[in-house]
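Subject: Structure handover

Hello,

Here is the structure for you to take over. My notes follow below it.

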Amino acid sequence: MANVAISDLRKRYGRNEVLHGVSLTINDGEFVTLVGPSGCGKSTLLRMMAGLEHVTSGEIRIGSEVVNDVPPKDRNIAMVFQSYALYPHMTVLGNMGFALRLAKTAKEQITDRVGRAADILGLRPLLARQPRQLSGGQRQRVAMGRAIVRNPKVFLFDEPLSNLDAQLRVKMRTEIKELHQRLKTTIVYVTHDQIEAMTMADRIVVMRDGIIEQMGGPLELYDRPRNIFVAGFIGSPGMNLIEGTVTDGVFRTASGFSLPVAVGHAGPAILGIRPEELPIADANSSHVLPATLRVVEPTGPEQQLIVDVEGTEVVSVVRGRVVFRPRQQVQFGIDPAKVHLFDAATGERVE
């Protein structure tokens, strides 16, 4: 195992710079996810760690070694791709042991290491099959097994679950997290799915337009997003954002809704509130937000209410099975202690 230290890393394609001085330290044995929208630079960063992309400037260090100019095969890393990249003419056994055979590892050692990886991943009954005889989840486990047998310092995962159906993605998330708990190896995992990031990672790195917007533990990012982008990106559904102005410690919207906010900010602001913190108002609600119901999305134990608040789409997650009608007027109760406030000009969190 090893830590990964990235310092002022930049990547250019001609005159187009896609990574703008990224610095990041991944601790030994840590599970870190790089998350962000398409085009944010997360896969480019991962491929630079793997040696599949040239470093324009900056430094990548794996353990104590600077690897900027080290070929991929000599970095002692293993990468799991989105497309599985299995050899169709080889069996599961052949695919998992291929890299070891290239390295001229002894046959007995190959058999032992493939067998141990197959036991970890539940693949032993499938060793004689070819990829075409496997399900998508089984193929992904074979790709993971091929990485495990190399006993690398660092695992790199590039959106490995994006080709799977929703139910299988949930199952594979659990398997990958359990795998990390058993192996305790450093893992860097790229995804655009913030639910994957929240459920699996020790630490999340949120990227946008080639920079890091925020990094921290999953609940840290959820509870204290640094800016509007992170607030809207982390969480499903994302945080609701309502425009207004703060005057004398009170947030007000154009229609007159007001809410006291304990911050030293004055001027245009954006109020943030999580959908689950937006219940239907009752007799005890001291601060009520009026809205017009647009759509009801039942999810089983909860209902997602998509409503219109002064021309802004707002989502509320409520428990129970109350019957709602489209265009119905509804009122939500807001607790001032559970809101977030952002500066409208900069998008940054106001403490």
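This is a predicted model: local features need pLDDT of at least 70, side-chain atom pairs count only at pLDDT 80 or more; totals for chains, interfaces and linings use all residues.

H2 and H3 are oblique to each other.

**The H2/H3 pair**

H2 covers residues 92-102 and H3 covers residues 107-121. They pack at an angle of about 135°, and their axes are 10 Å apart. The crossing is right-handed. On the H2 side, the contact uses Leu93, Met96, Gly97, Leu100 and Arg101. On the H3 side, it uses Ile110, Arg113, Val114, Ala117 and Ala118. By class, the residues of this contact are 7 nonpolar, 1 polar and 2 charged.

**The H4/H5 pair**

H4 runs over residues 136-148. H5 runs over residues 166-183. Their axes come within 11 Å and cross at roughly 20°. H4 is therefore roughly parallel to H5, because angles under 35 degrees fall in that class. This crossing, too, is right-handed. H4 brings Gly136, Gly137, Gln140, Arg141, Met144 and Ile148 to the contact. H5 brings Leu168, Lys171, Met172, Glu175, Ile176, Leu179 and Leu183. The contact of H4 with H5 divides into 7 nonpolar, 3 polar and 3 charged residues.

Look also at Asp165. It sits in the loop between S7 and H5. Its relative accessible area is 48%, so Asp165 is partly exposed. Asp165 and Gly137 are 28 residues apart in sequence. In space, their C-alpha atoms are 9.3 Å apart. Gly137 is also one of the H4 residues in the contact with H5.

**Helix H1**

Is H1, residues 42-50, largely enclosed or open? It is largely enclosed by the rest of the structure, because 7 of its 9 residues are buried. The buried ones are Lys42, Thr44, Leu45, Leu46, Met48, Met49 and Ala50. Lys42 is on that list, charged side chain and all.

**Backbone points to check**

Which non-glycine residues have a positive phi? Asn151 is one of them, with a phi of about 50°. Asn151 lies in the loop between H4 and strand S7, residues 154-158. At 59% relative accessibility, Asn151 counts as exposed.

Arg327 is another, with a positive phi of about 70°. Its loop runs between strand S17 (312-319) and strand S18 (329-333). Arg327 has a relative accessibility of 59%, so it counts as exposed.

There is also a cis peptide bond. It joins Ser236 and Pro237, with omega at about 0°. Pro237 is in the loop between helix H8 (228-233) and strand S11 (240-247).

**What the record says**

UniProt, in an unreviewed entry, places the feature "domain: ABC transporter" at residues 4-234. In the model, that span is 37% helix and 26% strand. Its end C-alpha atoms lie 25 Å apart.

**In brief**

Two helix pairs are set out above: H2 with H3 is oblique, whereas H4 with H5 is roughly parallel. H1 is largely enclosed. For the backbone, start with Asn151, Arg327 and the cis bond from Ser236 to Pro237.

Over to you.

Best wishes

Conventions
Residues are numbered from 1 along each chain as its sequence is written. Side-chain values use heavy atoms; hydrogens and water are left out. Axes are lines fitted to C-alpha atoms, for helices over the stretch in contact, and angles run from 0 to 180 degrees between N-to-C directions. Helices (H or I, at least four residues) and strands (E, at least two) are DSSP runs, numbered from the N terminus. Angles under 35 degrees count as roughly parallel, over 145 as roughly antiparallel, 65 to 115 as roughly perpendicular and the rest as oblique. A crossing is left-handed if the near helix is turned anticlockwise from the far one by less than a right angle, and right-handed if clockwise. Contact means heavy atoms within 4.5 Å. UniProt positions are given in the numbering used here, feature names are shortened, and annotations may be inferred rather than shown by experiment. Buried means under 20% relative accessible area, exposed over 50%, partly exposed in between (1.4 Å probe, protein chains only).
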